[in-house]
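Thanks for coming. I will take a few minutes to walk through one structure, so please have a look at it first.

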Amino acid sequence: MQQNPYGEDPVRLILDLAATPPCSPGEFAERCVAAGMVIDRPVGDEDLAEILEFIPRWLAVVDAGTPERRAALLNELLTSSSTHPRLTDHADGGWHIHYRADGLGLASVVRAVVSVGTALHLTGRGMDRLSRCALAECGRAYGDFTRGGRQRYCSHACANRDAVRRFRARRAAQHP
């Protein structure tokens, strides 16, 4: 079965932005381009302010305690960030679906793409596929894109750090 990639790329982008929020409009634009987005309008301070306001709202979806609460928060983001789906053919990218109006600034486009992408990710893979790193001192948000859906850490580095810590604790308990 082929997974819909639309949900994965936007979720990866917002995870990156949430982990290290952009400090300037230029940095925001560069990171979006690196994630594969096409930018067709100038990016300004208002875009930076809008995305910095959006990030905590999206992280609230990650931190929601139940699937119902996660869905309610994400529905709020979808309502405020996206529109009905429609076909478009811009930037020589071929026909594809947009879930937003034309003529929006970069932050509004990212909000729409991330909201819809997150909804597709959660409904396609499971409502529990967003979480925080299990390493106590990390706490970074991550999206679980694994096949089995059992990811607990944001990175291999955090998983290894926690495994070493558990190993040393067991060893210390065995050899006091």
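First, how to read it. This is a predicted model, in which local features need pLDDT of at least 70 and side-chain atom pairs count only at pLDDT 80 or more, while totals for chains, interfaces and linings use all residues. Residues are numbered from 1 along each chain as its sequence is written, and side-chain values use heavy atoms, with hydrogens and water left out.

Now the layout. The protein chain has six helices and four strands; these are DSSP runs, H or I of at least four residues for helices and E of at least two for strands, numbered from the N terminus. In sequence order the pattern is α-α-α-α-β-β-α-β-β-α. Along the principal axes, the C-alpha atoms fill a box of roughly 65 × 35 × 30 Å. Of the 176 residues, 38% count as buried. Buried here is under 20% relative accessible area, exposed is over 50%, and partly exposed is in between, using a 1.4 Å probe and protein chains only. Taking contacts, meaning heavy atoms within 4.5 Å, between residues at least 6 apart in sequence, 49% join residues at least 24 apart.

Next, the cores. A nonpolar core is a set of buried Ala, Val, Leu, Ile, Met, Phe, Trp, Tyr and Cys residues joined through side-chain atoms within 4.5 Å. The largest one has 35 residues, and those touching the most other members are Leu17, Phe28, Met37, Ile51, Trp58 and Val110. Two or more residues each come from α1 (8-19), α2 (25-34), α3 (45-63), α4 (67-81) and α5 (106-125). Which of these gives the most? That is α5, with nine residues. Ile51, leaving aside neighbours within four places in sequence, contacts Leu17, Pro22, Phe28, Ala107 and Val110. There is also a second, separate core of six residues, including Leu135, Tyr153, Cys154 and Cys158.

On to the second largest pocket, which holds about 210 Å³ of space. The search used a 1 Å grid over the protein atoms alone: a pocket is an open set of points where a 1.4 Å probe fits, with protein on both sides within 12 Å along at least five of seven lines, and lining residues have an atom within 4 Å of a point. The volume is the space filled by probe spheres set on the points, which are joined across faces, edges and corners. Among the lining residues are Arg12, Asp16, Arg140, Tyr142 and Cys154. Both α1 and β4 (141-143) give two or more residues to this lining.

Then the cysteines. How many disulfides are there? The count is zero, with a disulfide taken as a pair of cysteine sulfur atoms within 2.5 Å. Cys32 cannot pair because its sulfur is 14 Å from the closest cysteine sulfur, in Cys23, too far for a bond. Cys32 is also buried, at 0% relative accessibility. Cys154 is in no disulfide either; the nearest cysteine sulfur, in Cys138, is 3.6 Å away.

Last, two single residues. Arg147 sits in the loop between β4 and α6 (156-174) and is exposed, with a relative accessible area of 86%. Its C-alpha is 26 Å from that of Val110, 37 residues away in sequence. Leu120 is in helix α5 and is partly exposed, at 30%.
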